[in-house]
Amino acid sequence: MTAIKHALQRDIFTPNDERLLSIVNVCKAGKKKRNCFLCATVTTERPVQVNVVKVKKSDKGDFYKRQTAWALRDLAVVDAKDAVKESPEFDLHFDKVYKWVASSTVEKNTFISCIWKLNQRYLRKKIDFINVSSQLLEESVPSGENQSVAGGDEEAVDEYQELNAREEQDIEIMMEGCEYAIANAEAFAEKLSRELQVLDGANIQSIMASEKQVNILMKLLDEALKEVDQIELKLSSYEEMLQSVKEQMDQISESNHLIHLSNTNNVKLLSEIEFLVNHMDLAKGHIKALQEGDLTSSRGIEACTNAADALLQCMNVALRPGHDMLHAVKQQQQRFSDLREQFARRLASHLNSVFVQQGHDQSSTLAQHSAELTLPNHHPFHRDLLRYAKLMEWLKNTDYGKYEGLTKNYMDYLSRLYEREIKDFFEVAKIKMTGTTREGKKFATLPRKESAVKQETESLHGSSGKLTGSTSSLNKLSVQSSGNRRSQSSSLLDMGNMSASDLDVADRTKFDKIFEQVLSELEPLCLAEQDFISKFFKLQQHQSTSGTTMNEVEEMDGVALSRSHTSAVPQTVSSEKDMIRQMMTKIFRCIEPELNNLIALGDKIDSFNSLYMLVKMSHHVWTAQNVDPASFLSTTLGNVLVTVKRNFDKCISNQMKQMDEVKISKKSKVGILPFVAEFEEFAALAESIFKNAERRGDLDKAYIKLIRAVFDSVEKVANESQKTPRDVVMMENFHHIFATLSRLKISCLEAEKKEAKQKYTDHLQSYVIYSLGQPLEKLNHFFEGVEARVAQGIREEEVSYQLAFNKQELRKVIKEYPGKEVKKGLDNLYKKVDKHLCEEENLLQVVWHSMQDEFIRQYKHFEGLIARCYPGSGITMEFTIQDILDYCSSIAQSH
């Protein structure tokens, strides 16, 4: 047991600064379990704490571990079971009763006695020791025992003591002197015994010799013991007195603890009450404002706004756990709910009245705009309503149902108001475009034939893209671009003056200004309304979303645009941005149809108006997308832009179709074809319209289509021409096209300009060669024979020896072409060319000069052959190059 005690002290209690005083080997009563140890310990630090520790051997090895510890002050009863009969069983009453069975009665008694001593020394607590022998409880009466417990010298009586260093050294010296000790242990032990006896005898003799000193020492010890007993008695009395003081101090400490606890609870309760009062108390002024506040004046609206915010803060306060169970809190919350419902109902009713009243005031000013191309200004209406913006935000956060109802009512009423205003506005625009009055819806300034009017009625795009003012004797098309027929006798536009008639220009300029004013009026109206909706209904409008972009419109050639607009706002919207778009769609649902009708009317009046509309609409779409690509205005104008683009494409298609349908007269010369002049006028007009425009790419594409169609149609007409030679038709028209493209400097048509010039040059040369032919026919035949002989291998200087090509034959042929005959032939040629060419293009002198050069080239060729084949003959033509120049000049001047 001593070894176990030392092991437990070393491994378990020393690391925890405890001393092991007593130990008992036990097991639980009634159960077959492994044994454990109950240990009585005290701490080495003051204040001293006394514990009863249960120690159990570990399942994983031979070491012990601390399992349970009980403070001795928690021990209430020690039951030894039987005070007379020895029994190993005993009970310890802590928080519950623990029943133990000791391995021996001696260990049990020693352990119980140690507990009694520790209680007497450190606790003075009334632990009940029942069924315990009185001898065990009296062992602590002798002072020596008490000191032993108090001083903790129990370990001094241990059976085993370690050797100190000096003892170890003495034993080593002694064993060195007895070398045979290992060989004969009995002899060594006998020797040690003899030496011990000698030492004992010496000690006894020494003691007997010092008997007097011993007696004196014993006497002193007895006196010291008496003094110790007196001190112990005084200490016991002091301890009894201090025990009462300790009990009083414990009572005072307990009372102070209760007072502190009460104060803490009162502070917490006060904090909770202050929290509820500060956060759930609505001022009487706010309550009065919510119940009776004036919603018509600015001061009343401000008071109601502040009161509504205060109410919302009270309702949204984050209550602490348990607050919602308080009856007063429930009553206050119900009161707040009633106030909220009452004020929300009053606010919604008032705002509905404001919508109606403001709408009536707005309608009263509508008459003054009826004759003007302006839209009424809604700024005062918006300014008055924006005073309620914060209240609308409050309503949105507290009662979304009423907020949604107000939103619907606003859309319903404003859509009717805007519909009246916008329809009247577009009616004025149509009247100004057509020049009619509001009573008579007839085109007063459009004197057309019944067939043309019928054609326009059947199809809004019935008028082709053909420009007025470019009619000719070969094309009697009656369709006029502006609706005003130009005179058949009007002169063709020449290269220096490619503008339309003054009437056409005035009409188109007027239309352009009206259309621009319409868009300029609609744009601020929509933007102002969208900005108001965002501010008044507290919706976020600036979010990145892809609307109908310019590139998308360009890709929508002939493809229907999918409409996402609906006639009613859906019950649920994905975001506030979508809600703004849907509200704007509902309020301005008439804008897109009215714009489309206006565009159809403009196209009906003059299909070339689509050029103006495309440029203006593209600019406004671009501007709207820069402001907000997802706005209603951007989306609507983008949709309308698709329609305008289709009208523009249809205008181009109609012009190309008319080129295919052109029929020429078989009895008159062709001249400049109508569609060539029309292309010139179209290009001049388009360049003036599309200058610095965003949609220049559309015009360039149209140019390519038109010019290719013009080239093909010129080829077609030239092939079908009977009165005018094909080369003349090609030459004159491609010369006109080249001059037009050179003057306008259209960059995308550079390749076509070069092609037109090449075609003009080629056909000019072809016509000159064909028309001039062989003016000296016999001379030509003669020299063709000479060239044939040379080609057969005859040397040039030997050709004159050929019978058919001798000098005599050459002189005979030359005599047949005197200067007079040559001039007569040239004069007939000039008249023939003059009949083929038209006056508009003025190419007669160019062609005549080319023929003169070609004739001179043939003359020089003949002279060269004479010089090479008939050297030294002195034969020459009867006229010179100068004669040819004089003949051509005089003929040109005479005509």
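The following dialogue explains how to read several features of this predicted model.

Me: What should be kept in mind about the numbering and the model?

Reply: Residues are numbered from 1 along each chain as its sequence is written. In this predicted model, local features need pLDDT of at least 70 and side-chain atom pairs count only at pLDDT 80 or more, while totals for chains, interfaces and linings use all residues; side-chain values use heavy atoms, with hydrogens and water left out.

Me: How is a pair of packed helices described?

Reply: Two packed helices are described by the angle between their axes and the distance between the axes. Here helices and strands are DSSP runs numbered from the N terminus (helices H or I, at least four residues; strands E, at least two). Axes are lines fitted to C-alpha atoms, for helices over the stretch in contact, and angles run from 0 to 180 degrees between N-to-C directions. For helix H21 (residues 674-689) and helix H22 (residues 696-720), the axes come within 10 Å and cross at roughly 170°. H21 and H22 are therefore roughly antiparallel to each other, given that angles under 35 degrees count as roughly parallel, over 145 as roughly antiparallel, 65 to 115 as roughly perpendicular and the rest as oblique.

Me: Which residues of H21 and H22 meet?

Reply: Contact means heavy atoms within 4.5 Å. From H21, Phe675, Val676, Phe679, Phe682, Ala683, Ala686 and Glu687 take part, and their partners in H22 include Leu699, Tyr703, Leu706 and Val710. By class, the contact of H21 with H22 has 13 nonpolar residues, one polar and two charged. In this division Ala, Val, Leu, Ile, Met, Phe, Trp, Tyr, Cys and Pro count as nonpolar, Asp, Glu, Lys and Arg as charged, and the others, Gly among them, as polar.

Me: At what angle do H13 and H17 cross?

Reply: The axes of helix H13 (residues 400-434) and helix H17 (residues 576-587) cross at roughly 35° and come within 8 Å. On the H17 side, Met579, Met583, Lys586 and Ile587 make the contact; on the H13 side, the residues include Tyr403, Met411, Asp412 and Leu414. The contact of H13 with H17 holds nine nonpolar, two polar and two charged residues.

Me: Which backbone angles deserve attention?

Reply: Most residues other than glycine have a negative phi, and most peptide bonds are trans. Asp17, in the loop between helix H1 (2-13) and strand S1 (18-28), has a positive phi of about 55°; Asp17 is partly exposed, at 39% relative accessibility. Lys745 also has a positive phi, near 55°, and is exposed at 66%. A cis peptide bond, with omega about 5°, joins Arg46 and Pro47. Pro47 lies in the loop between strand S2 (36-43) and strand S3 (50-57).

Me: How many disulfides are counted?

Reply: A disulfide is a pair of cysteine sulfur atoms within 2.5 Å, and the count comes to zero. The cysteine sulfur closest to that of Cys39 is in Cys36, at 9.2 Å, too far for a bond. Cys39 is buried at 0% relative accessibility.

Terms used:
Buried < 20%, exposed > 50% of the residue type's maximum accessible area, 1.4 Å probe, protein only.
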